[in-house]
Amino acid sequence: MSKNNDIQSNNDIQSNTIKKGLEIPIVKSIGLPTLIIAAFFILVMTTAAILKQSLPILISDILRRFGMNGVLVLAMVPAIKSGTGPNFALPLGIICGLLAWTIGIEMGFIGITLILLTVVMATVFAAVTGYFYGKLLNAVKGAEMTIATYTGFSTVALMSLVWLMAPFKSKQMGWMMGEGLRETIKLDGVEAGQIINNFLSFEIFEVKIPTGLLLTFFAFCFLVWIFFRTKTGIAIIAGGSNPEFAAASGIDIDKNRLIANILSTVLGAIGIILYSQSYGFFQLYSGPLMMAFPAVAGVLIGGATASKANISHVIIGTFLFQGLLTASMPVANQLFEGTDLSEIMRVVLQNGIILYALTQVKGGGK
Amino acid sequence: MKKAKYILSKQMPYLADNIVPIIFIAFTLLGFVLTTNVPFNFFLSELSSRFYRNAFIVLSLVIPVIAGLGLNFGIVIGAMSGQLAIIIVRYLSIEYLHLSGFWELVFCLVLSLPIAAFIGFLTGKLYNKTRGQEMIASLIVGFFANGVYQFILLFATGIIIPVRSSHPMIKPDGVGVRMTVDMGELHYSLQNILKVPFLWAVLLVSVLLLALVISRHLMGKKGHNKDNRVIFFTKVGLSAVLIIYSVFAIVTKSKITSVKDVPAATIIIIGLLCLFTELIMKTKLGQDFRSVGQSQHIAESNGINVDKTRIIAVIMSTVLAAWGQIIYLQDMGTLNVYGAHTQIGMFSVAALLVGGASVHKATVSQALIGTILFNSMFIMSPEIGKAAFGNALLGEYFRTFMVYGIIGMALGIYVWNANRKARITLDPVEVHTQDN
């Protein structure tokens with residue numbers, strides 16, 4: 001009898017501390033934001049079907065968008081796991097990727113050689129950048145997210161100067177007249193557009209499956225998953241989830257945070273290469289400025305928090321978020337012609353979910 | 001040894017705090033050396049009009065810093081409230097009321113008060129829930145509010161809120177507000193109330209400054225140290241030089257007389273806000289701001305309602321930002337409905353930091369000096385780009401870099417110092433046991 005009472009009072013405490021509606025186990029295990037977005041996604045897809053939108057085209061688009069954003073969202077996982085919070089300095093990695101693109105094109109490579117070379121170069125650049133970025137984050141513990149955001153912003157602004165002054169000669173990238181690189185550089189000119197997407201791609205029920213793109217994304221997911229099962233990976237998780245305990249058991253937390261942020265930056269660099277080959281062009285100057293936020297929102301929608309993230313969060317979150325955005329565009333356009341409703345929805349959703357995650361961050365204290 | 005370390009740790013942040021203003025002064029001076037085609041009176045005209053436009057909104061950042069909320073990037077929300085008020089007033093004025101410019105302005109200021117106060121209240125609540133992460137939260141909440149703002153103006157207007165589709169502010173298809181709204185009668189409505197020739201204004205202000213500095217010195221506590229005295233004489237010297245120079249220029253009718261007239265009403269309003277910010281710090285509320293800013297824990301144990309105090313600070317900041325944006329826009333003449341507010345948070349924060357403020361410390365004079373220095377950089381940057389590299393665009397990118405760089409650097413230095421101090425004063429092991 002008393003045992004029952006105990007359990008009951010325990011439940012009472014729990015339901016008091018957690019908001020109403022979260023008591024249902026499924027809500028608790030999946031997370032409220034994920035469920036809301038999923039419901040919304042289903043609603044939009046149903047509306048699309050009712051409005052007689054072409055579902056195969058819509059699904060092909062969703063798959064493509066899912067694959068191209070995936071690795072950028074994946075870049076959040078190592079950073080979150082190591083305890084530095086979502087990598088708001090994702091533009092750092094992105095810029096490494098862009099720099100690799102421009103150098104590769106300048107050297108005159110084309111096609112798959114260009115992409116492979118770009119990936120190698122981007123990895124090297126990002127490893128070096130990530131090292132210094134990790135050092136910076138170790139110096140500013142407690143305010144990583146704010147500092148990371150401005151590190152990203154100022155690097156993007158600094159790189160604008162580089163893009164404008166870099167002594168590149170390639171006709172693919174420069175203006176017809178004057179100096180500096182163009183804002184948007186097409187990859188069709190160097191035969192690198194959609195190469196990975198088209199690898200082994202096939203159509204089923206008129207839905208185009210970008211096999212290469214999806215395979216690459218899942219391969220990276222798998223690699224990261226493996227990494228967090230190695231000794232280093234486990235040490236990183238330990239340091240992120242309970243720093244005092246990890247330090248007491250002799251784990252070098254600073255070093256682990258460094259490794260995790262190098263990994264995150266490298267994934268950002270590779271992520272933008274996948275992203276831009278799928279789009280068929282890449283954007284310099286202020287293009288990367290705001291790119292961290294959709295990626296952060298993506299992993300959070302999947303059910304991650306500022307201190308906990310898994311590969312499953314990446315896959316679910318990217319699919320739901322990108323799927324919703326892709327599907328809502330034609331639907332909104334058909335329902336309310338001339339309004340930019342889907343873009344407005346993106347802004348509200350993306351920043352709303354980040355704010356929600358920030359309210360869940362512990363440790364600020366009074 | 002201990003003392004040396006103490007002095008070092010006291011002097012280092014002082015230098016680090018002031019390195020930014022020094023860089024900016026050097027940069028502006030470099031601009032004058034490099035470029036020959038920027039006449040000084042043009043520079044002053046440009047700088048002064050930018051100052052009247054921006055000073056108010058930069059001042060709105062001071063209170064949250066004192067209350068420990070850090071740099072409130074959320075003033076963008078205040079700016080949006082101000083713009084919302086302008087749009088409503090302009091719409092009603094064209095449609096029914098046909099007000100004169102002055103009354104439109106008054107209506108805008110009154111209407112923006114409840115809007116901004118309500119949104120400020122919500123923002124304050126949010127900051128209380130994201131304690132310790134206020135700055136990133138304020139940045140993101142600005143983006144979030146921008147989405148809501150676009151929803152109201154692009155979508156709800158015309159579909160949910162009925163409007164006349166042939167109204168000049170509404171898009172031709174009857175849904176949404178146009179990209180740009182003409183300020184009409186509002187343009188210069190504050191500016192035109194009273195204008196004073198530039199040099200007379202300089203003379204007046206510097207005489208007032210001199211009086212203020214001396215009266216403060218006389219009323220202040222006894223036993224000033226050397227540092228204070230040096231600062232006092234520098235201030236007196238500077239105001240004296242300004243007085244002598246302006247009298248000299250008025251008498252000799254130098255080129256400076258061609259600098260644009262000073263809008264006295266704007267200056268008076270800015271002055272009143274400075275006074276308000278200074279005076280409120282002497283009240284009970286101001287003391288609460290300060291103690292909450294120093295330590296929320298101690299403030300709470302002293303019986304201060306920390307959450308409420310922080311919300312009040314945010315409401316004040318948001319309302320002031322709304323008014324600041326109205327003052328800014330009545331000077332600009334056209335309202336870029338979906339773009340006018342997006343940069344204002346970054347620029348204002350950068351300006352405040354350039355004045356020597358930091359995340360936990362800001363004064364009225366830092367805001368004013370910062371506005372002047374920051375805008376000098378803004379004017380000179382493209383000119384330097386053109387003169388040094390033959391490319392004005394380069395200068396523009398450079399100044400964007402300066403904005404982000406300054407904010408990042410100021411934040412970085414602050415956190416780094418705070419972490420280092422925590423390490424010097426408290427052994428980590430002790431902290432651990434205290435926590436338990």
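A:Gln194 sits in the loop between strand S1 (184–186) and helix H9 (195–198) of chain A. The model is a predicted one. In it, A:Gln194 has a phi near 55°, a positive value in a residue other than glycine.

B:His98 lies in the loop between helix H4 (75–97) and helix H5 (101–129) of chain B. This residue counts as exposed, because 11 C-beta neighbours fall inside 10 Å.

Now turn to two helices of chain A. Helix H7 (residues 111–139) of chain A has 29 residues, so at 1.5 Å a residue it should span 42 Å. Its end C-alpha atoms are 42 Å apart, which agrees. Buried residues of H7(A) include A:Leu114, A:Met121, A:Phe125, A:Tyr133 and A:Leu137.

H13(A) is mostly covered, with 24 of its 27 residues buried. Just after H13(A) comes A:Gly280, with a positive phi of about 95°.

Next, the contact between the chains. Here 37 residues of chain A are in contact with 44 residues of chain B. Helix H8 (144–165) and helix H16 (341–359) of chain A each supply at least two residues of the side that touches chain B. H8(A) gives the most to that side, with 13 residues. By class, the side of chain A that touches chain B divides into 19 nonpolar, 14 polar and four charged residues.

Chain B has a division of its own. Its domain assignment gives domain 1 (2–197 + 261–435) and domain 2 (198–260). The centres of domain 1 and domain 2 of chain B, taken over C-alpha atoms, are 27 Å apart. How many residues does each domain of chain B bring to the contact? Domain 1 of chain B brings nine residues, and domain 2 of chain B brings nine residues. On the domain 1 side, helix H2 (residues 40–59) of chain B gives the most, with five residues. That side of domain 1 has four nonpolar, four polar and one charged residues.

Last, the cores. The largest nonpolar core has 224 residues. Those with the most contacts inside it are A:Met76, A:Leu90, A:Val296, B:Leu61, B:Ala350, B:Leu353 and B:Ile407. Helix H12 (residues 306–332) of chain B gives the most to this core, with 16 residues. Take B:Leu61 as a place to look. Not counting residues up to four places away in sequence, B:Leu61 touches residues including B:Leu71, B:Ile75, B:Ser317, B:Val349 and B:Leu352.

Terms used. Residues numbered from 1 in each chain as written. Chains lettered and ligands numbered in written order. Predicted model: local features only at pLDDT ≥ 70, side-chain atom pairs only at ≥ 80, totals over all residues. Contact = placed C-beta atoms within 7 Å. Helix = DSSP H or I, 4+ residues; strand = E, 2+ residues; numbered from the N terminus. Nonpolar A, V, L, I, M, F, W, Y, C, P; charged D, E, K, R; others polar. Buried ≥ 20, exposed ≤ 12 C-beta atoms within 10 Å, placed from the backbone. Domains from an automatic or database assignment. Core = buried A, V, L, I, M, F, W, Y, C linked by C-beta atoms within 7 Å. Expected span 1.5 Å × (residues − 1).
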